[in-house]
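Please look over the sequence and the model displayed here before reading on.

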There are 2 protein chains.
Amino acid sequence: MLTFIGLGLWDEKDISLKGLEAIKKADVAYAEFYTSRLMGATLEKLEALYGKPIKVLDREDVEQHPEDSILKDAVDKDVVFLTGGDAMVATTHVDLRLRAQKMGIQTAVIHGASIASAVCGVTGLQNYRFGKSATIAFPYRSIVSETPYDTIKMNKANGLHTLLFLDIDKAQGYMTINKGIELLLLVEERRKEGVLRDALGVGVARAGSPEPCVKAARLDSLKSYDFGGPLHILVIPAELHFLEEEALEALAGLRL
Amino acid sequence: MLTFIGLGLWDEKDISLKGLEAIKKADVAYAEFYTSRLMGATLEKLEALYGKPIKVLDREDVEQHPEDSILKDAVDKDVVFLTGGDAMVATTHVDLRLRAQKMGIQTAVIHGASIASAVCGVTGLQNYRFGKSATIAFPYRSIVSETPYDTIKMNKANGLHTLLFLDIDKAQGYMTINKGIELLLLVEERRKEGVLRDALGVGVARAGSPEPCVKAARLDSLKSYDFGGPLHILVIPAELHFLEEEALEALAGLRL
């Protein structure tokens with residue numbers, strides 16, 4: 001049996017009661033923190049609350065040879081697999097679940113809070129006005145991906161907001177909102193299509209924490225704003241509905 | 001002080017530890033269940049777990065005169081406002097939060113699991129391939145809204161999946177997947193644009209429960225499938241990525 005459990009957004013207390021019960025009665029607990037991370041918790045805090053040691057897997061363990069660890073255990077043990085945010089949102093988790101099912105292992109999911117819905121709560125932007133999301137990745141051999149720019153362009157043309165996840169990299173760490181904006185503006189400079197001309201951005205840092213930082217402004221001013229520690233995400237909104245504008249003024253200090 | 005708390009998807013144990021602590025120490029607890037509902041819990045079960053009475057508000061209380069109840073209390077008391085799913089995803093909650101802020105009431109959000117991310121976990125459809133979402137509403141004076149059809153059309157043209165929320169109505173109850181498909185096909189029949197010709201649908205019932213029902217098939221066969229009790233949601237996917245197709249075969253019984 002393999003149960004995927006989403007730990008939520010910020011610290012060890014964002015897990016659901018149902019998730020906590022499932023960990024407590026499991027034989028073995030694994031976790032991965034390369035797709036998302038609880039910045040407000042340490043491994044020690046998680047283990048203390050769950051009353052159980054947690055084996056942290058890296059990307060290679062999960063994607064290359066899960067049958068050496070988690071899948072081997074799940075054949076005849078009650079195994080939980082913990083991740084930040086909601087469970088099974090990352091493709092790599094879907095792949096793991098399918099591998100498990102092929103081996104005849106029963107699987108289940110216990111959901112947790114995700115930035116995908118939390119972004120509405122903290123900014124006041126409306127859920128049904130979000131289009132496709134994208135990730136701003138660190139440049140690979142100094143090549144800056146144009147995918148997020150194209151996604152924003154498509155969404156704006158359809159009157160929709162774009163949620164931009166910011167890369168987490170083993171060597172380079174957590175991408176900041178500032179770096180994300182810088183990369184977007186590099187593409188704008190190259191393409192000169194005006195997608196980001198006078199564009200607003202809404203930056204959110206540490207969603208789910210007692211002191212999330214939410215700030216909305218034009219990108220050229222937002223790119224030097226100090227958001228503090230990770231995790232960061234960025235929204236490039238389409239034209240605002242009046243209630244959204246009012247919300248960004250009240251909740252994100254927007255001054256137009 | 002007014003704290004918005006998302007209760008998650010299914011029953012009283014989907015709340016986070018953080019949310020539970022906040023309710024326990026609050027002076028007054030309000031809830032609304034007209035935008036979403038925990039089908040696996042009763043008010044009695046919630047009150048027993050929280051150790052506190054819950055005042056359930058209807059749409060009018062929240063939208064027309066919140067200053068008579070929740071806002072009045074929040075001026076000098078520690079008040080929590082409970083909702084199904086994640087907190088503050090519905091526009092009506094954003095409006096309430098802005099009213100509170102205008103009255104000088106401090107506000108906060110404690111997030112919960114939402115169907116917006118859970119749908120990826122239960123179906124294996126990839127998060128970044130979802131476009132704008134829409135709601136299929138019960139016909140008003142026998143007029144069937146074409147908005148969901150237009151949303152599916154736009155998303156499909158962009159290679160994106162569409163998440164369709166199904167209406168909750170005081171008189172008509174919880175819309176089923178079957179009814180939702182019937183309403184979409186009525187629009188197809190009228191418009192004849194072929195948006196739904198041979199289209200697949202993925203129906204999800206009771207996400208977050210121990211026995212969610214997840215079924216993928218062509219709409220004409222899905223429309224008579226028995227999904228059991230509420231809540232239901234429907235996804236009209238765009239062309240599937242091979243990993244998504246594999247996931248729908250394994251997790252949703254898809255046979256192409």
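This is a predicted model: local features need pLDDT of at least 70, side-chain atom pairs count only at pLDDT 80 or more; totals for chains, interfaces and linings use all residues.

Residues are numbered from 1 along each chain as its sequence is written, chains are lettered from A and ligands numbered from 1 in the order in which they are written, and side-chain values use heavy atoms, with hydrogens and water left out.

Q: How many salt bridges does a search of the whole structure find over all chains?
A: A salt bridge here is a side-chain nitrogen of Lys or Arg within 4 Å of a carboxyl oxygen of Asp or Glu. With the search run over all chains of the structure, the total is 33 salt bridges.

Q: With which residue does Asp11(B) form a salt bridge?
A: The closest N and O atoms of the pair are 3.2 Å apart. The pair crosses between chains, from the loop between strand 1 (2-6) and helix 1 (17-25) of chain B to helix 1 (residues 17-25) of chain A, where helices (H or I, at least four residues) and strands (E, at least two) are DSSP runs numbered from the N terminus. The partner of Asp11(B) is Lys18(A).

Q: Is Lys18(A) buried or exposed?
A: Buried means under 20% relative accessible area, exposed over 50%, and partly exposed in between, using a 1.4 Å probe and protein chains only. Because the relative accessible area of Lys18(A) is 17%, this residue counts as buried.

Q: What is the relative accessibility of Lys25(B)?
A: Lys25(B) forms a salt bridge with Asp78(B), with the closest N and O atoms 3.5 Å apart. The pair links distant parts of the chain, 53 residues apart, from helix 1 to the loop between helix 4 (70-74) and strand 4 (79-83) of chain B. Asp78(B) is buried at 18%, whereas Lys25(B) counts as exposed, its relative accessibility being 61%.

Q: In which helix do Lys179(B) and Glu182(B) both lie?
A: Their side chains meet in a salt bridge with an N to O distance of 3.6 Å. The two residues are three residues apart, about one turn of the helix, and both lie in helix 8 (residues 177-191) of chain B.

Q: Which feature does UniProt place at residues 1-170 of chain A?
A: The end C-alpha atoms of this span lie 30 Å apart, and the span is 35% helix and 19% strand. UniProt positions are given in the numbering used here, feature names are shortened, and annotations may be inferred rather than shown by experiment. The unreviewed UniProt entry gives the feature as "domain: Tetrapyrrole methylase".
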